[in-house]
Each structure stands twice: as structure tokens, then as C-alpha cells.
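Have a go at each one before you read its solution.

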Amino acid sequence: MSRRTPLNEAHRRLGGRMVDFVGWDMPVQYTSVIAEHEAVRNAVGLFDVSHMGEIEFSGPGALETANKLITNDLSKCADGQAVYAGLLNEQGGFVDDVVAYRFSAERILIVVNASNKDKDFAWMKAHAQGVKPVDRSDDYAQIAVQGPKAVGLVQRMTPADLSKVSTYRFTEGPVAGVQCIISRTGYTGEDGFELYCAPGDAEKLWEALLEEGQQDGVKPCGLGARDSLRTEMKYALYGNDIDDHHTALEAGLGWICKLDKAGGFIGRDVLAKQKAEGVKRKLVGFELTGSGIPRHGYPILKDGQRVGEVTSGTMGPSVKKPIGIGYVPTELAAEGSTFDVEIRGRPVSAVVVKTPFLKKS
């Protein structure tokens, strides 16, 4: 039996096509993936991301404890700042990718992927030296408001001055009378906010955003558009592009790994050695130059030999091209390198391109 977010009934009333997603009953689309994708690129879209997990460290030592578990460095952050980070295993592979929020040195909230919540919580409990983590996932619903008109929409609904909340910063205050964490973060490549509220308030907030956003062309959006939007930005998806047996450096996420951080982090030494020696494979973005659409799991071939596989792929609605992401040997990772993707038994030519696929001004 799939779990349901507090917005499940709202999705059904809107005609959302519901699917099982990592054990949750979630809308994959309402009208069409392309229409929802374009609403986010050109206007504003709403996503229910209440299935994500929230794990909190609180009390004296919270900052130090949490900071040793993640690759980024919360000690360099101000209160009200968030960082994208990895939780890594001893081999430098991903337990998960997360966003960590610093409310104060005594309160850190780490937001984890829905599919990994129980695993992450167990891992944090096992590795936390000091403050013990508390699973707060049932205390939060989360709505992402994304698109060029997202900031204006949310600003009309809150007394908080959002011009002071820059990217990867957050504040707290009412939105449509609902108390929220208002975080300038997202997974689409567009500006906007992720709003965290009490589950009992989620439907009121969702309906208020839909009503106020009518003048902006707001659309509720499902998992399909979320995936095409993030793929055009080459944002990694756990379980596809990052996992426990590819390292953060191979995934091109060395920038979130502060190797010189005081106290270090799990997997640091492996990454430092790999950085010195050079990686043998890299996660790259590519376009097909032949006809077809690359999909997760399709083989990548060079001279007829399998050298890797597609981790994510789609026909990019904004870039109007078949695009993909995948691991290849380092010698095939440079921009302009060519290889084939096997689609239904036939090789289709591809070229490595600079990412993100969609260039934002």
C-alpha cells in the first residue's frame, strides 16, 4: 500500500494521474508533461514534494555532529543558509544527496530523498558522534513553487521581504496565513521557493497558491515534468546518476566536497586520493546526433564495445533535443567526444556537450 502525502486528495480532485513512486502515491502528470514543464520554464508551477524526508539535529553540538556527516561545510554558513551536500560511504560513493539547513549552531535540518529516508536515518544514527538525529519527516509537508513568476507569487502572499532571501538562503514566516520555512531552493533550474509547513496546513497553502497564481498562469506539476526539468539542468537523481558505487568526483560533484574541512567527513580520504590520481570514469551530458531518445539503462558503446550506460535521458522540451547523462571512461568525457547509444538493438550516434543543456541567462 503506497503512502499518501497530505495533498493526495487535492491531486485527485485536480485529475492527477497517480503512480507508485518509491512507495508513495504521487501524481506523474495532470494535463501533459510538456505543458507542465513549459509552465515552470515560462510562468510558475507547483510541485508536491512532501514525500521528502527531514532529519533534525538539535541542541548543543548539533552543528559539529551534522557537519561531520556531510561533505559540504555548514561551519562556513551563516544562520539562515542552506547547502547542497552528499552523505558518502567509506568508498566515496553516495548514501544520498541532501540539502542541509542551518537555523543556528544548535538546530540543523537535513532534507533527504524519499526513497532513502529510512536508510539515511539509520546511517546517521550509526555514524553521528554527539547529538542523535531525530526523524521529523511526519512534521513537514513541502510544496515547491518554481518558475520566473514564482518569486512574485509567493511575495504577494507573505509579509516577509523575499528580496533579502537569496539562493540557498531561507527565512520563516506566514504564506497565505500558513507558517512556513521559505527556502530559495529547487530542482528545476528556475527561481523559486520550497515551502515547508505543517501537514495539516498543506492543503490550505496549496489551494491558496493555485488561486493567487491564476494571474501568473500557475499549473500543478507532476513527477514527469520534475524529471525533464532537472535533466535539462543535469541535476543528479539518486538511484540514476548517483549511487553508492560511483564517487562524488566521478559524478562531477567535487564542488560540494570540502576536502580541507576541519574534522573531515566519511569518504574524504578516498576522494583526496582519487583527486590526486585522477578519475577513471566521469558523468557526462550528451546529445544524440542520430534519431531516438536515450533512456535510463541503455548501453553506451564505443567501436561496438559497451563502455558505460545511460543514467538519465529524455527529449528535452525546452532544448528540443534528445539529451542524456551517463558514465563514460575519462578519455571519452571531453566536450565533442563521440560514442553510440544502443536503442532497441541499434547504435545511435551521440556527442558529449557542455552542461547544463539549457543555458540560463
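**Exercise 1.** Find the residue in S12 that is the bridge partner of Ser183.

*Solution.* Start at Ser183 and look across to S12: the bridge partner there is Glu194. Next, zoom out to the strands, which are DSSP runs (E, at least two residues) numbered from the N terminus. Strand S11 (residues 178–183) and strand S12 (residues 192–197) pair in the antiparallel sense over three bridges; to count as a pair, two strands need at least two bridges found by DSSP.

A quick note on the model: it is predicted, local features need pLDDT of at least 70, side-chain atom pairs count only at pLDDT 80 or more, and totals for chains, interfaces and linings use all residues. Residues are numbered from 1 along each chain as its sequence is written, and side-chain values use heavy atoms, with hydrogens and water left out.

**Exercise 2.** Work out the strand order of the open sheet that holds S11 and S12.

*Solution.* Six strands line up as S10-S11-S12-S9-S3-S13, with mixed pairing. Now check the edges: strand S10 (170–175) and strand S13 (219–220) each pair on one side only.

**Exercise 3.** Explain why strand S7 is largely enclosed by the rest of the structure.

*Solution.* First, take its partners. Strand S4 (residues 53–58) pairs with S7 in the antiparallel sense over six bridges, and Ser58 stands opposite Arg107. Strand S6 (residues 94–104) pairs with S7 antiparallel too, over five bridges; here Arg102 faces Ile108. S6 and S7 form a hairpin with two residues between them.

Then check burial (buried means under 20% relative accessible area, with a 1.4 Å probe and protein chains only). Five of the six residues of S7 (residues 107–112) are buried, so the strand is largely enclosed.

Methods
Buried < 20%, exposed > 50% of the residue type's maximum accessible area, 1.4 Å probe, protein only. Helix = DSSP H or I, 4+ residues; strand = E, 2+ residues; numbered from the N terminus.
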